[in-house]
Amino acid sequence: MPPTVTTVTLDVARYRPEQESEPTVQSYEVPFRKDWVVLDALNYVKDQLDGSLSFRWSCRMGVCGSCGMTVNGQPRLTCAAFLSAEPSGPIRVEPLRYFPVVRDLVVDITDFMRKLKKVKPWIVRNEEKPLAEGEYRQTPDQLDAYKQFSMCINCLLCYSACPIYGLEPSFIGPAAIALAQRYNMDSRDEGARERLQILSEHDGMWQCTFVGECTKACPKHVDPAGAIQQYKLTSAAHWFKTLLPWGMK
Ligand code: FES
């Protein structure tokens with residue numbers, strides 16, 4: 001019978017800018033429990049071994065999107081990465097790739113927040129109807145049209161998985177495009193043309209070569225790669241119409 005595993009080693013990336021110019025790796029021995037996820041192990045380190053370790057988390061249930069890190073080389077939600085599902089040997093925990101590291105496992109997401117705002121991820125109306133006329137109603141089919149894209153939790157795993165974003169940080173990126181699509185497909189929204197203009201700019205969707213890694217990394221099955229391809233088709237159709245004598249202005 002193989003010996004029962006009682007502990008596991010976490011090899012954790014550390015970066016304390018006040019004392020190091022480069023990230024280093026620190027190893028911690030933590031209890032191995034079947035029901036523990038990597039986030040539990042990090043919290044054990046923080047509470048029992050080394051209170052100086054910094055990382056983000058909040059809900060512990062795959063909703064807030066704040067616990068994204070690179071686990072054994074893959075972008076993952078640490079609250080959904082079970083220790084028991086990792087290959088035997090030390091578990092490597094690093095910050096999300098392609099984002100500047102603020103401290104240890106905490107990355108700076110300013111770039112994403114700026115890009116997200118650019119695509120107007122809210123319902124745009126040319127004119128609001130008076131409150132007295134009641135709410136905007138939708139059929140189940142109208143809801144289904146955008147529901148998948150509305151599941152995005154802004155965890156940024158898709159950016160960390162995207163080789164285009166890694167090479168060209170001006171790329172607006174998978175989640176921002178998926179969220180643009182979430183509102184474009186909402187029957188209450190009238191901002192699609194504005195968003196199309198924004199995304200058609202040089203740092204928009206044309207840089208995506210449909211590698212599909214973003215969709216594989218998404219813990220919520222949002223399919224950002226599908227959103228990007230849909231958007232490319234819409235944009236091409238729009239461009240074609242503008243060439244016609246009776247085309248759109
Ligand atoms: S802690 Fe909220 S998604 Fe992981």
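Throughout these legends, Ala, Val, Leu, Ile, Met, Phe, Trp, Tyr, Cys and Pro count as nonpolar, Asp, Glu, Lys and Arg as charged, and the others, Gly among them, as polar. This is a predicted model, so local features need pLDDT of at least 70 and side-chain atom pairs count only at pLDDT 80 or more, while totals for chains, interfaces and linings use all residues. Residues are numbered from 1 along each chain as its sequence is written, and side-chain values use heavy atoms, with hydrogens and water left out.

View 1. A search of the whole structure turns up two cavities of 30 Å³ or more. (On a 1 Å grid over the protein atoms alone, a cavity is a set of points where a 1.4 Å probe fits but cannot get out; lining residues have an atom within 4 Å of a point.

View 2. (Helices are DSSP runs of H or I, at least four residues, and strands are runs of E, at least two, numbered from the N terminus.) The lining of the second largest cavity splits into 11 nonpolar, one polar and one charged.

**View 3. Aromatic pairs.** There are six aromatic pairs in the whole structure. (Rings of Phe, Tyr and Trp, its six-membered ring, pair if their centres lie within 6.5 Å; planes under 30 degrees apart are stacked, over 60 edge-to-face, and the rest tilted.) One of them is W36 with Y44, a tilted pair at 5.9 Å centre to centre and 50° between the planes. W36 is buried at 12% relative accessibility, whereas Y44 is partly exposed at 24%. (Buried means under 20% relative accessible area, exposed over 50%, partly exposed in between, with a 1.4 Å probe and protein chains only.) F112 and Y159 have ring centres 5.3 Å apart and planes at 75°, so they make an edge-to-face pair. That pair ties together distant parts of the chain, with F112 in helix 2 (residues 110–118) and Y159 in helix 4 (residues 157–161), 47 residues apart. F112 is buried at 1%, and Y159 is buried at 0%. Ring pairs also join Y98, F99, F112, Y159 and Y165 into a cluster.

**View 4. Charges over rings.** R97 lies over the face of Y98, 6.0 Å from the ring centre. K129 does likewise over Y136, at 4.6 Å. (The rule is NZ of Lys or CZ of Arg within 6 Å of the ring centre and within 35 degrees of the ring normal.)

**View 5. Strand 3 and its partners.** In a regular strand, side chains alternate between the two faces of the sheet. In strand 3 (residues 68–71) both faces are covered: G68 and T70 on one side, and M69 and V71 on the other, are all buried. Strand 3 pairs antiparallel with strand 4 (residues 74–77) over four bridges, and V71 stands opposite Q74. (Strands pair if DSSP finds at least two bridges between them.) Their hairpin has two residues between the strands, and N72 there takes a positive phi near 45°. Strand 3 also runs antiparallel to strand 5 (residues 91–94), joined by two bridges, with E94 as the bridge partner of T70.

Technical notes. 1 Å grid on protein atoms, 1.4 Å probe; cavity = no way out; pocket = protein on both sides within 12 Å on 5 of 7 lines; lining within 4 Å. Points joined across faces, edges and corners; volume = space filled by probe spheres on them.
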